[in-house]
Amino acid sequence: MANQWMQEADESAKKYAEAIRQQSQYLIDQQNKAKDSALNAIENQRMNAVNTLNAGKSTVNQTAESNAKQANINRMLALKDNQGAMSRAGLSTQGIVGSQVNSINNSYGNNLNTILKDKANQLKNIDDQVNAANIQYDTNRLNASNEYDSNIANLRNQIDTQANSAYETEKNRYLQWKQQ
């Protein structure tokens with residue numbers, strides 16, 4: 001008979017402890033939702049930062065294109081001025097005039113190379129900033145995930161401790177009831 005009471009007490013206590021676990025599950029569910037929300041917010045921040053940085057690329061490209069066009073216009077004007085001055089002086093396109101044309105074209109080439117290098121450096125700088133942002137947001141995401149996982153583990157531990165305590169209390173209560 002005592003063995004049957006122990007079995008009944010054990011079953012009753014298990015049900016009671018499981019009910020406590022089920023009633024407390026909402027706390028874990030809330031933590032999981034908060035974790036998902038935090039991770040989504042971090043991902044949205046990342047996307048906004050990356051999109052903002054990448055938007056700067058179009059500005060860099062437009063500026064470089066505009067500067068290249070202006071450099072070409074300056075070259076064309078310099079060639080025209082040079083040709084007009086040489087024609088007024090009665091000089092042909094040979095000799096010193098040809099050297100002046102080459103100098104104007106070389107200057108344009110140097111300017112264009114500088115514009116293209118600046119563009120490449122600015123685009124690389126943006127890419128570096130995007131990579132740094134991604135690393136930072138990955139770190140933030142990992143830290144947030146670890147924090148919530150730790151909170152959930154602690155919460156599960158508290159719930160299990162509470163359920164085990166309730167199990168023992170209910171088992172003892174049941175056995176005392178049966179003995180009376």
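Student: In this predicted model, at 24% relative accessibility, does Lys-57 count as buried, partly exposed or exposed?
Tutor: Buried means under 20%, and exposed means over 50%. Lys-57 has 24% relative accessibility, so Lys-57 counts as partly exposed.

Student: Which residue meets the side chain of Lys-57 in a salt bridge?
Tutor: Side chains of opposite charge can pair when their charged atoms come close. Here the N to O distance is 2.6 Å, and the partner of Lys-57 is Asp-127.

Student: How many residues apart in sequence are the parts that Asp-127 and Lys-57 tie together?
Tutor: The side chains of Asp-127 and Lys-57 meet in a salt bridge. Asp-127 lies in helix H2 and Lys-57 in helix H1, so the parts tied together are apart in sequence by 70 residues.

Student: Is Lys-35 buried or exposed?
Tutor: Lys-35 meets Asp-149 in a salt bridge of 2.6 Å, N to O. The cut-off for buried is under 20%. Lys-35 is at 14% relative accessibility, so Lys-35 counts as buried.

Student: Which residues are linked with Arg-46 in a network of salt bridges?
Tutor: Asp-138 forms a salt bridge with Arg-46, with the closest N and O atoms 2.4 Å apart. Asp-138 lies in helix H2 and Arg-46 in helix H1, so this pair ties together parts 92 residues apart in sequence. The network links Arg-46 with Glu-43 and Asp-138.

Student: Which residue lies over the face of Tyr-108?
Tutor: A charge over a ring must be within 6 Å of the ring centre. At 4.9 Å from the centre of the Tyr-108 ring lies Arg-75.

Conventions: Residues are numbered from 1 along each chain as its sequence is written. This is a predicted model: local features need pLDDT of at least 70, side-chain atom pairs count only at pLDDT 80 or more; totals for chains, interfaces and linings use all residues. Side-chain values use heavy atoms; hydrogens and water are left out. A charge sits over a ring if NZ of Lys or CZ of Arg is within 6 Å of the ring centre and within 35 degrees of the ring normal. A salt bridge is a side-chain nitrogen of Lys or Arg within 4 Å of a carboxyl oxygen of Asp or Glu. Buried means under 20% relative accessible area, exposed over 50%, partly exposed in between (1.4 Å probe, protein chains only). Helices (H or I, at least four residues) and strands (E, at least two) are DSSP runs, numbered from the N terminus.
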